[in-house]
Amino acid sequence: MYQRYFFDLTDGLTTIRDDRGVEVYGLSMAVLYAREAVEEMRQSGELIQFGDDWQFLVRTDDGTVLATVDVSGVYSLN
């Protein structure tokens, strides 16, 4: 079943919220999407300004965080 997931970028103090999200099929696809976004941002140089403590939070519309993906590419399910 397709669901809309949101990908906030945070270091625990500052959060850059994703207000649009992406509709994908399941949590595993949402995590894959976040990991690919990290890699694309790394290759384009966008992550240079962010330290290793930054993460993408994979969340639902109601704010429930389902997984985290470090900017280093490491991920965990909550």
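Colleague: Hi! Before we start, what are the ground rules for this model?

Modeller: It is a predicted model, so local features need pLDDT of at least 70 and side-chain atom pairs count only at pLDDT 80 or more, while totals for chains, interfaces and linings use all residues. Residues are numbered from 1 along each chain as its sequence is written, and side-chain values use heavy atoms, with hydrogens and water left out.

Colleague: Great. How many helices and strands does the protein chain have?

Modeller: The protein chain has 1 helix and 6 strands. Helices (H or I, at least four residues) and strands (E, at least two) are DSSP runs, numbered from the N terminus. The order from the N terminus is β-β-β-α-β-β-β.

Colleague: And what about the radius of gyration of the protein chain?

Modeller: The protein chain has 12 Å, which agrees with the value near 12 Å for a compact globule of 78 residues. The radius is taken over C-alpha atoms, and the globule rule is 2.2 Å times the number of residues to the power 0.38. Along the principal axes, the C-alpha atoms fill a box of roughly 35 × 25 × 20 Å.

Colleague: How much of the protein chain is buried?

Modeller: Buried residues make up 38% of the 78 residues. Buried means under 20% relative accessible area, exposed over 50%, and partly exposed in between (1.4 Å probe, protein chains only). The accessible surface of the protein chain is about 5000 Å², and 50% of that belongs to carbon and sulfur atoms. Those areas come from the Shrake-Rupley method with a 1.4 Å probe; for residues, only the protein chains shown count as cover.

Colleague: Which strands does E4 pair with?

Modeller: E4 pairs with strand E1 (residues 2–10) in the antiparallel sense over 5 bridges, and with strand E5 (residues 65–70), also antiparallel, over 5 bridges. Two strands pair if DSSP finds at least two bridges between them. Toward E5, the bridge partner of Leu-57 is Thr-68.

Colleague: Leu-57 keeps coming up. Is that residue buried or exposed?

Modeller: Leu-57, which lies in strand E4, is buried, with a relative accessible area of 17%.

Colleague: What is Leu-57 in contact with, beyond its sequence neighbours?

Modeller: Leaving aside neighbours within four places in sequence, Leu-57 is in contact with Phe-6, Phe-7, Asp-8, Thr-10, Val-65, Ala-67 and Thr-68. Contact means heavy atoms within 4.5 Å. Leu-57 and Val-69 are 12 residues apart in sequence, and their C-alpha atoms are 6.6 Å apart in space.

Colleague: Now the loop between E4 and E5. What is Thr-60 like there, buried or exposed?

Modeller: Thr-60 lies in that loop and is buried, at 11% relative accessible area. Leaving aside its neighbours within four places in sequence, Thr-60 is in contact with Gln-3, Arg-4, Phe-6 and Leu-66.

Colleague: And Thr-64?

Modeller: Thr-64 is in the loop between E4 and E5 as well, and it counts as partly exposed at 37% relative accessibility. With neighbours within four places in sequence set aside, Thr-64 is in contact with Val-58 and Arg-59.

Colleague: Which glycine in the hairpin of E4 and E5 takes a positive phi?

Modeller: Gly-63 does, with a phi near 95°, in a hairpin that has 5 residues between the strands. In the hairpin of E1 and E2, which has 4 residues between the strands, Gly-12 takes a positive phi near 95°.

Colleague: Back to E1, then. What else does it pair with?

Modeller: E1 pairs with strand E3 (residues 22–25) in the antiparallel sense over 4 bridges, with Arg-4 opposite Glu-23. E1 is also joined to strand E2 (residues 15–16) by 2 bridges, again antiparallel, and there Thr-10 has Thr-15 as its bridge partner.

Colleague: Last one: how far apart are the mean positions of the positive and negative charges?

Modeller: The mean positions of the 6 positive and 14 negative charges are 3 Å apart. Lys and Arg count as positive and Asp and Glu as negative, while His and the chain ends are not counted. The place of a charge is NZ of Lys, CZ of Arg, CG of Asp or CD of Glu.
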